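Welcome! Open your viewer, and let us walk through a few stops together.

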Amino acid sequence: MFAWLFLAFLGIIIAAANGIDVIDGADLYIGVVFGLLAGLFYAIATLFGKKIKFYPPEYISLLQMCIGALFFSFFIDFSLQSIELKSWVYVLILGIVHTAILYVLFYKSLKSIPIILIAPLMYIEPVIAIASDIIVYKSHFGIMKFLGIILVLLATFKISRENVRITQYPDKE
């Protein structure tokens with residue numbers, strides 16, 4: 001099963017990195033550190049979400065958003081007075097739809113999905129982002145990007161099928 005997880009991870013690397021210029025210097029190291037930290041905190045949030053069964057997903061999402069808002073409030077430049085109403089509407093839509101609704105659904109699903117299925121299902125998110133980029137912004141769709149997406153979808157399918165087999169027939173492992 002871990003081989004399929006690795007295949008999905010490899011698919012994301014192939015799909016996302018194809019055509020990106022090589023970054024060097026301090027930006028590369030900062031990006032790697034931030035990426036690793038994001039992965040660590042995402043894993044912690046997922047594990048906590050799986051273990052906390054006595055709180056409704058709405059409360060967990062609200063707590064996570066409040067902590068995020070408090071953390072990011074230190075980076076706000078309050079001297080900007082000319083932010084248009086249209087920009088605030090976009091921020092509210094992003095906050096309500098992407099953050100609030102998404103996290104409520106995410107934490108609600110954590111209670112019913114086996115932990116082994118969470119990782120491959122999370123690989124679907126970048127695939128959808130890449131597909132949206134191709135559809136909405138008419139980005140170039142090369143063979144490597146297509147190969148990466150196929151690897152992610154194949155690995156996700158195989159892991160979910162394997163999990164169904166283990167769940168339905170636990171004695172035949």
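Does Thr156 count as buried or exposed, and at what relative accessibility? Select Thr156 and see: at 8% relative accessibility, Thr156 counts as buried, where buried means under 20% relative accessible area and exposed means over 50%, with partly exposed in between (1.4 Å probe, protein chains only).

A note before going on: this is a predicted model, where local features need pLDDT of at least 70 and side-chain atom pairs count only at pLDDT 80 or more, while totals for chains, interfaces and linings use all residues. Residues are numbered from 1 along each chain as its sequence is written, and side-chain values use heavy atoms, leaving out hydrogens and water.

Stay with Thr156, which sits in helix α7 (residues 143–168); helices are DSSP runs (H or I, at least four residues), numbered from the N terminus.

Next, select helix α3 (residues 57–72) and helix α4 (residues 85–110), whose axes come within 8 Å and cross at roughly 135°. Therefore α3 is oblique to α4. Please color the residues that make this contact: Pro57, Glu58, Ile60, Ser61, Gln64 and Met65 of α3, with Gly95, Thr99, Ala100, Tyr103, Val104, Tyr107 and Lys108 of α4.

For the last stop, pick Phe71, Phe72 and Phe75, which form one aromatic cluster. Rings of Phe, Tyr and Trp (its six-membered ring) pair if their centres lie within 6.5 Å, and by this rule there are 7 aromatic pairs.

How values were computed
Axes fitted to C-alpha atoms, helices over the stretch in contact; angles between N-to-C directions. Helix = DSSP H or I, 4+ residues; strand = E, 2+ residues; numbered from the N terminus. Parallel < 35°, antiparallel > 145°, perpendicular 65-115°, else oblique. Contact = heavy atoms within 4.5 Å. Phe/Tyr/Trp six-rings, centres within 6.5 Å; stacked < 30°, edge-to-face > 60°.
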